[in-house]
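Hello,

As promised, here is the structure I have been looking through. Please open it alongside this email.

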Amino acid sequence: MEPKQIIEAEDQHSSGTYYKRPVVLVRGEGTRVWDIDGREYLDCTAGIGVAALGHAHPVVIEALREQASRLITCQELFYNDQRAALFKRLDAVTPSSINRFFLSNSGAEANEAAIKFARAATGRTEIVATMRGYHGKTLGALSATWGNDFRKPFEPLVPDFHTIPFNRPEAIADTISDATAAVLVEIVQGEGGVRPATEEFMQALRLACTEHGALLVIDEVQTGFGRTGRLFAFEHHSVTPDILTLAKSVAGGLPMGVTAFGDTVGQLAKQSHTSTFGGNPLVCAVAERVIAHIVAADLPTHAAEHGRHLMNAIRGLSKPQVREVRGLGLMIGIELKQPAGKVVRSLMDEGILALLAGPKVIRLLPPLIIEASDIDQIANAFDKVLT
Ligand SMILES: Cc1ncc(COP(=O)(O)O)c(C=O)c1O
């Protein structure tokens, strides 16, 4: 099909729930993707923070090739060598208090499971989430997600969800109580504008949860596996979650969600939560090798250094349109004093794919393997489009 026909076919037949840019991407390698006409882009979207190792990484290709010819599907009704290896790998990289993992296929599903597990474990129903928080768009996860545009058309949502202001430790006492099953929070709010949590806020949440017997659910769907300069973003703080939710980077581009927990959740009833595709050997094989590679290559440190370099390079341009450059590692937000959509389009004309995080924030989530020369290219493009 010609590019025009592809765009027409998608516009005619896709759900219509996505904003789309008029570019047909057909190939990727490393930090680069190419459109159907052969135009190259530096990909600072990485599938919205998914392609941690970049595109077409040999670790991913090899694991896929090997496992595709052995066994693709095997529900958790049976045991499987790849799934067992992934469980052991996840156990090795998470805190010692976490040793069980529910495998699903997306971030929203990881949070759905967390909400259900917290309710089952505590016998309580109340869930507390934060303003500007994003946890996915399935009904349970959406009930914890902030924003009327997302929520209103689907009300009534799941009952007993409450919201507290983000980064306001003094404002949590009124909402977290002995009726709270769980508090859901991101360490860096991603969709909400790339806003890192403060140490005081995280400590106050941990304390309130412990005091009231509620579970602290840290949503690391976007921040997990090195993105923020640590393997998990909660490692920037002196807190440990009761439940940790993961997705995006975990399987190097393949769909997977993980709900990680330990004794504070305890034993769950058989059949209380299951998934047909969750934990399939194909994705497990890839995830196990991707996590091993992220750790062995110390990509979190690479992300910390290159993220700092990239943020400083953009700050160093001293552009009057920029209100703030913030973030952690390679999760970077550039807040403008004006709507950012036009700048994102101009960046694309300069060969840089970037994301929005709210109307005025440009979000960069490049692959963790980004190099200094990529950073120069991004900074030069910002210099040009903001002039
Ligand atoms: C922090 C966070 N949680 C949950 C989700 C939902 O993940 P998914 O789109 O895979 O359902 C996202 C997606 O952007 C996210 O950033």
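Below is what I found, starting with some ground rules.

This is a predicted model, in which local features need pLDDT of at least 70 and side-chain atom pairs count only at pLDDT 80 or more, while totals for chains, interfaces and linings use all residues. Residues are numbered from 1 along each chain as its sequence is written, and side-chain values use heavy atoms, leaving out hydrogens and water.

**Overall picture**

The chain holds twelve helices and 17 strands (DSSP runs numbered from the N terminus: H or I of at least four residues for helices, E of at least two for strands). Its radius of gyration is 21 Å, close to the 21 Å that the globule rule gives for 387 residues, so the chain is as compact as a globular protein of that length. That radius is taken over C-alpha atoms, and the rule is 2.2 Å times the number of residues to the power 0.38. Of the 387 residues, 52% count as buried; buried means under 20% relative accessible area, exposed over 50%, and partly exposed in between, with a 1.4 Å probe and protein chains only.

**The cores**

The largest nonpolar core has 85 residues, and Leu-205, Ile-334, Ile-362 and Leu-364 touch the most other members. Such a core is a set of buried Ala, Val, Leu, Ile, Met, Phe, Trp, Tyr and Cys residues joined through side-chain atoms within 4.5 Å. Helix H9 (residues 281-296) gives the most to this core, with seven residues. Domain 1 (3-56 + 298-385) and domain 2 (71-296) both contribute residues, so this core lies between them; the bounds come from an automatic or database domain assignment. A second, separate core of 18 residues includes Leu-215, Val-217, Phe-261 and Val-265.

**Salt bridges**

The whole structure has 18 salt bridges, each a side-chain nitrogen of Lys or Arg within 4 Å of a carboxyl oxygen of Asp or Glu. In one of them, Arg-289 pairs with Glu-66, with the closest N and O atoms 3.6 Å apart. This pair links distant parts of the chain, as Arg-289 is in helix H9 and Glu-66 in helix H3 (residues 58-68), 223 residues apart.

Glu-191 and Arg-363 form another, at 2.8 Å between the closest N and O atoms. Here Glu-191 is partly exposed, at 27% relative accessible area, whereas Arg-363 is buried, at 1%.

Finally, Glu-335 and Arg-326 meet at 2.7 Å, N to O. Salt bridges that share partners join Arg-323, Glu-324, Arg-326 and Glu-335 into one network.

Best wishes
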